[in-house]
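Hello,

Here is the structure I promised to pass on. Please open it alongside this note.

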Amino acid sequence: MPVGGLVPRTENVTEHAADVVVRNARIHTGDARRPQAGALAIRNGLITAVGDDADIAPVVGPSTVVVDALGRRVVPGLNDAHLHVIRGGLNYVLELRWDGVRSLRQGLAMLREQAARTPRGQWVRVVGGWSAEQFAERRLPTPAELNEAAPDTPVFVLHLYQSAVLNRAALRAVGYTRDTPDPKGGQIVRGRGGEPNGMLLAAPSALVLYSTLAKAPTLEGEERRTSTRHFLRELNRFGLTSAIDAAGGFQSFPENYATVTELARDGLLSLRIAYHLFPQTPGQELDDLTRWVETVRPGDGDEWLRLNGAGENLTWAAADFENFAEPRPELNAYEGEFAKAVRLLTEHGWGFRLHATYDETIRRDLAVFEGLAAEGLFPAGNRWLFDHAETVSPDSLDRIAALGGSLSVQNRLSFQGEVFTRRYGAAAAAEAPPVRAMLARGLTVAAGTDATRVSSYNPWVALHWLVSGRTVGGLAIRPPENRVDRATALAMYTTAGAALTGEQDVKGVLRPGSYGDLAVLSEDYFTVPEPEIPSIESVLTVVGGRIVHAAAEYEGMDEELPPVSPGWSPVAHFGGYQAARPAHGAGARQAELLGEAVAESGLHHRWRVARGLAAEQGTPFDPCFLL
Ligand SMILES: [Zn+2]
């Protein structure tokens, strides 16, 4: 890197020389005492100095890596407060990601290409991170399109927690026939004669979707490690340096935590993970929780991997599914077991997080907490929070504040805003969730995505949603009164997440003593036009003083990573998030994409043949437009 003006010193500097210096930068520190800076230094994983280039020059030694930010914006490393990062990592290289793909046509072309290279016995799976609304065509693929793209390879396409589309080969692989009963809360859609037609619907339980996915082959051993490392690097690509894992179905403790634990032991995590524990079996939740409070403790681990409490489910019966395409589920009485679980946790000094989508659920949960508060168990200093809270009421927010709780919100409505608005109306969507009302009460409100099976993991899509109130389809659902400014949104993605793990003194802010976690951004988040926020990436990500992602001028400066394995992995060929050019007006971009698609369609081909502009032969490759 050009050192421009900084002459490395050789005498008296070696013993306090920085490992990494970032200079010539526009640093947003997040520190009220010094909000802006031009340079900073990192030594032994911690920030040692923040100032301007002249302040930092004395700590540049012969072995200091000096990064010239070339005037770029630098921000504290991002922290996704609700990410299914452990499960995502175990599956990442097996998944074809439609995150960021702008047309179904492109998605199907990727699928067709991937099916051709996928070996027998393996599947092609698209598991969330996208919405039909992001496509120019604004629709799902049909089973017939999947059959056409992949006649023999099982294909499973998950659309949010609403539905899944399977091709014929996948139906064969999972063994669904006319005799298969619908699982509880789910529907296997049937065609004539009762045969499954390839559609699965959450009605409203998503169990039918993820229990079907669980029949697909999984990775073993070394490939799990490699997959996780590539997923963490993909997150680093967007400037993420921390995440709070929300656990989840089919994520058992300790088995499914083994890979991240090994990577942490070997110093190979490139993202800091605070994790939660989630009872897996309905009816046995108290057994699991009792075993855990007796064998492990929140705070166990280190700055890279640590236990942060229980949740996001404590008992299955208390979970409300967020399928906004279906009516709100009416939960049966769950308070008895739920109260026992919460009592057990609080009496053992455990914090927890709790999945709750609707105010109806939150009010019932709060009534349980208030009962325990009468015995002095709330607020008792244990960190606890509600996740999601799309329809939480002002009254419930007051009660959460009184009980010492926090909130964690995700941009699930980036992907489901249209369907939410259709069901509940624009006024309800405008407040889903009521971010400003939460902040006005002084509550800690951390931001995140809920990736990977519903939302995309791209934090800039989530930041754009907080700032603009728009879905990935371009629909404005939240008015200015319920949006936040860019600095507030960033604080929700940095300092608030740190507060939820008790790391607010060392994480989320760039000041001496904090972790050396930062991102050098491709575009200036604070000045780039609003529609371009989702296109921001990091060009250099530093975690604990290690360069874990480097692109553009910095290419090659990051730590080496083993190649993606297996070689046929969609990630080896397509990568993860599919970056598109910034959309200068969603409507214009949509028209452009439709134009491209139509130009290649069969109908257009026939029109050209009829006018002598094209040969009769030729493959109209796009089944969407074959009429
Ligand atoms: Zn949840």
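First, the ground rules. This is a predicted model, in which local features need pLDDT of at least 70, side-chain atom pairs count only at pLDDT 80 or more, and totals for chains, interfaces and linings use all residues. Residues are numbered from 1 along each chain as its sequence is written, and side-chain values use heavy atoms, with hydrogens and water left out.

The zinc site

Three residues coordinate the zinc ion: E312 through OE, H355 through ND1 and H388 through NE2. The distances run from 1.7 to 2.2 Å. Donors here are N, O and S atoms within 2.8 Å of the metal (3.2 Å for Na, K and Ca); water is not among the atoms, so sites may look incomplete. Along the chain, the donors follow the spacing E-x42-H-x32-H. E312 sits in the loop between β16 (305-310) and α10 (335-347), while H355 belongs to strand β17 (residues 352-356), so the pair ties together parts that are 43 residues apart in sequence. Helices (H or I, at least four residues) and strands (E, at least two) are DSSP runs, numbered from the N terminus.

The five-stranded sheet

This open sheet has 5 strands in the order β9-β10-β11-β13-β12, with mixed pairing. Two strands pair if DSSP finds at least two bridges between them. β9 (124-127) and β12 (186-190) are the edge strands, and each pairs on one side only. Neighbouring strands are turned by 15° against each other on average, direction ignored. Axes are lines fitted to C-alpha atoms, for helices over the stretch in contact (heavy atoms within 4.5 Å). Angles run from 0 to 180 degrees between N-to-C directions.

β9 pairs with β10 (residues 155-159) in the parallel sense, over 4 bridges. V124 stands opposite V155 in β10. Helix α3 (residues 104-117) lies across β9 and β10 and runs at about 145° to β9.

The four-stranded sheet

Here 4 strands form an open sheet in the order β5-β4-β1-β6, again with mixed pairing. Its edge strands are β5 (46-51) and β6 (65-68). The twist averages 15° from one strand to the next. β1 (residues 20-23) and β4 (residues 39-43) pair in the antiparallel sense over 3 bridges. V22 stands opposite L40 in β4.

Best wishes
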